Amino acid sequence: VQLQASGGGLVQAGGSLRLSCTASGSTTRLNSMGWYRQAPRKSRELVAAMSSTGITNYDDSLKGRVTISRDNAKNTVYLQMNSLKPEDTAVYYCAAVFVTVDGKGMNDYWGQGTLVTVSS
């Protein structure tokens with residue numbers, strides 16, 4: 001399984017970015033997909049996640065500014081980020097959770113990360 005993320009870059013405060021992440025390889029048992037971020041000198045934190053059935057989970061502090069969506073046919077998850085702030089500057093990581101073959105567990109995979117820089 002590989003996760004390929006894209007869409008990061010430099011944006012001015014107040015601007016928008018859309019991140020994309022596509023899972024490839026053996027994706028039959030793909031379950032949830034989501035985004036995490038890690039700012040300099042901080043721990044990695046959840047931004048948003050979505051299950052295969054469309055159930056979403058957002059970090060409370062980001063609700064209203066970010067929207068996660070998913071195209072199951074393409075094994076792709078998107079993160080639309082609006083009204084970006086300098087404190088949103090971080091490396092954004094795509095993550096995907098797969099059900100194990102025996103159906104009793106979960107395995108998670110991570111993408112390489114894409115840098116989002118918001119200038120003031």
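Colleague: Which residues line the largest cavity, and what is its volume?
Modeller: Please bear in mind that this is a predicted model. The structure holds 1 cavity of 30 Å³ or more. Its lining consists of Arg-37, Val-47, Leu-62, Arg-65, Val-66, Met-81, Leu-84, Asp-88 and Tyr-92. The volume of the largest cavity is about 30 Å³.

Colleague: Which element gives the most residues to the largest nonpolar core?
Modeller: The largest nonpolar core has 29 residues, and Met-33, Trp-35, Leu-79, Met-81 and Tyr-92 are those with the most contacts inside it. Two or more residues come from each of β1 (2-6), β3 (17-24), β4 (30-38), β5 (45-50), β7, β8, β9 (90-99) and β11 (114-119). The greatest contribution, 5 residues, is that of β9.

Colleague: Is Leu-79 buried or exposed?
Modeller: Leu-79 lies in strand β8. Beyond four places in sequence, Leu-79 touches Leu-17, Arg-18, Leu-19, Trp-35, Val-47, Ala-48, Val-66, Thr-67, Ile-68 and Tyr-92. In soluble globular proteins, nonpolar side chains tend to be buried together. With a relative accessible area of 0%, Leu-79 is buried.

Colleague: How many Å apart in space are Leu-79 and Tyr-109?
Modeller: Along the sequence, Leu-79 and Tyr-109 are 30 residues apart. Taken from C-alpha to C-alpha, their separation in space is 17 Å.

Colleague: Which strands stand at the edges of the open sheet of 4 strands?
Modeller: The order in this open sheet is β1-β3-β8-β7, and the pairing is antiparallel. A strand with a single partner has one side left without a neighbour in the sheet, so the edge strands are β1 and β7.

Colleague: By how many degrees are neighbouring strands of that open sheet, β1-β3-β8-β7, turned against each other on average?
Modeller: The sheet of 4 strands has antiparallel pairing. The average therefore ignores direction, and neighbouring strands are turned by 15 degrees.

Colleague: Which residue in β3 stands opposite Gln-4?
Modeller: β1 and β3 pair in the antiparallel sense, over 5 bridges. Opposite Gln-4 in this arrangement stands Thr-22.

Colleague: Why does Asn-75 count as buried?
Modeller: Asn-75 lies in the loop between β7 (66-71) and β8 (76-81). Leaving aside neighbours within four places in sequence, Asn-75 is in contact with Cys-21, Thr-22, Ala-23, Thr-27, Leu-30 and Met-33. Buried means under 20% relative accessible area. Asn-75 counts as buried because its relative accessibility is 17%.

Colleague: What is the phi of Asn-75?
Modeller: Asn-75 is not a glycine, although its phi is positive. The value is about 50 degrees.

Colleague: Where is Thr-117 placed, and what is its relative accessibility?
Modeller: Thr-117 is in strand β11. Thr-117 counts as partly exposed, with a relative accessibility of 26%.

Colleague: How many Å apart in space are Thr-117 and Asp-88?
Modeller: Asp-88 is one of the residues that line the largest cavity. In sequence, Thr-117 and Asp-88 are 29 residues apart. In space, from C-alpha to C-alpha, they are 7.5 Å apart.

Definitions and conventions
Residues numbered from 1 in each chain as written. Predicted model: local features only at pLDDT ≥ 70, side-chain atom pairs only at ≥ 80, totals over all residues. Heavy atoms only, no water. Buried < 20%, exposed > 50% of the residue type's maximum accessible area, 1.4 Å probe, protein only. Contact = heavy atoms within 4.5 Å. Core = buried A, V, L, I, M, F, W, Y, C linked by side-chain atoms within 4.5 Å. Pairing = 2+ DSSP bridges. Axes fitted to C-alpha atoms, helices over the stretch in contact; angles between N-to-C directions. 1 Å grid on protein atoms, 1.4 Å probe; cavity = no way out; pocket = protein on both sides within 12 Å on 5 of 7 lines; lining within 4 Å. Points joined across faces, edges and corners; volume = space filled by probe spheres on them.
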